[in-house]
Amino acid sequence: MSMSDWEQLQHILKCPIIAEDLLVSDHSEWTSLEPGTVIMDQAESLKAIWRVDHRTLRQLTIKRSTWTDTEKALVQWAVTQQVGQGSAGTFETDSKSDGERKSRALGDWIVQQAAIGGTETVPGSLATDGRLYAEMIPFLLETDHAAEASAFSELQKLLASFLDEEVIVIPLKAQEWLVLAPVSLTRDTLEERDDQTEMLEDSLASIGSGLQEMLASEWIGECHLAVGRPMKPVKSIVQSVMLLQETIELGRIFEMGSNIHLPWNMHLERLLISIPENVRMRYVEQAFGRSDVFMEPETLSTLETFFALDCNVSETAKKLYIHRNTLLYRLDKLKQESGLDVRVFRDAVLMKIILLLYKVTKRT
């Protein structure tokens, strides 16, 4: 129904009609309202509200307090026509499945809660999928390019095929997706080892790495993925999303060149990012004031590999495809110019902190 149609209805009823669009994120009471469902409310005026799409509500307010049954029926019919036909291209003649609509409603609620740092459990109206009450593995996917309209079903099919498990896909923002997978993905490997915490992290890292590579090559191109430990979505989904969002943000700063990010590997980075910027800048300037050796790409690459391999000289030389003596020469040169011998624990810790502070300072 066009605006002229509302004007016709206004003329028939002989009272003002106000049509306005609202954001779902600003009205939590309507989060679970399904597209095509109309809510009528009569107090000082007659109001009709319905969901246009996963982000937008439309509210029609007719300012008159007394109504005949015929007049209310006329308004109901007019609104039903509006919902059924769409208006000015904003209503989605719904090709979405019921599952996608529910996932988008849940995603809207998560985004809203994360924005205010909420810790609420998922409302019953949004927790209709029983799997939300069981332990699941959360993956947060951030794409560098906007997805197509058909992305939801495509992503769901790709994930189900790759993981050989049924997953829950929840759209969050335009380029951000939450994927919940069953813990059975890791069950076989965990049964084989006693050190289950470490093995769980290794298993999750392996799954996440394979998943990221598959999505980058077969679906959306360049993307970042963070994976968290198993949790019960109905209780912890907002906290998990916030942690994984922070993990990807830190990963983009501190793990340049890597697209898979793990929160349990980010403890030091999380601490350093909390230091006030002026303090970070002053410390880095003091550290780099002794030598500009840290700025050399060869030195940075050597140190990154050395720390990634737990300061193992032989493994670092193999990884860099250089002779062991060449690596020792580089480390001796670094010691001579900086005063820090990274083969000594105390100096290695200090050098690691300096490098991390350099990265975050360079980004800010």
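Reader: Is valine 342 buried or exposed, and at what relative accessibility?

Author: Buried means under 20% relative accessible area, exposed means over 50%, and partly exposed is in between (1.4 Å probe, protein chains only). Valine 342 has a relative accessibility of 2%, so it counts as buried. This is a predicted model, in which local features need pLDDT of at least 70 and side-chain atom pairs count only at pLDDT 80 or more, while totals for chains, interfaces and linings use all residues. Residues are numbered from 1 along each chain as its sequence is written, and side-chain values use heavy atoms, with hydrogens and water left out.

Reader: Where does valine 342 lie, and with which residues is it in contact?

Author: Helices (H or I, at least four residues) and strands (E, at least two) are DSSP runs, numbered from the N terminus. Valine 342 is in the loop between helix H12 (324-338) and helix H13 (345-363). Contact means heavy atoms within 4.5 Å. Leaving aside neighbours within four places in sequence, the contacts of valine 342 include Phe306, Phe307, Cys311, Leu334 and Met351. Cysteine 311 is 31 residues away from valine 342 in sequence, and their C-alpha atoms are 7.8 Å apart.

Reader: What is the strand order in the open sheet?

Author: Two strands pair if DSSP finds at least two bridges between them. The open sheet has five strands in the order S6-S7-S5-S8-S9, with mixed pairing. Strand S6 (168-171) and strand S9 (260-261) are its edge strands, each pairing on one side only. Strands S5 (residues 136-143) and S7 (residues 176-182) run antiparallel and are joined by seven bridges. Within that pair, leucine 141 has tryptophan 177 in S7 as its bridge partner.

Reader: Which helix lies across these strands, and at what angle to S5?

Author: Axes are lines fitted to C-alpha atoms, for helices over the stretch in contact, and angles run from 0 to 180 degrees between N-to-C directions. Helix H7 (residues 233-254) lies across S5, S6, S7, S8 and S9, at about 40° to S5. Threonine 247 is in helix H7 and is buried, because its relative accessible area is 0%. Not counting residues up to four places away in sequence, threonine 247 touches Ala226 and His261, among others.

Reader: Which side chain does histidine 224 join by a polar contact?

Author: A polar contact is a pair of N or O atoms within 3.5 Å; within protein, one must be able to donate a hydrogen and the other to accept it, and residues adjacent in sequence count only if both atoms are side-chain atoms. The side chains of histidine 224 and histidine 261 make such a contact at 2.9 Å. Histidine 224 sits in strand S8 (residues 223-227) and is buried, with a relative accessible area of 8%.
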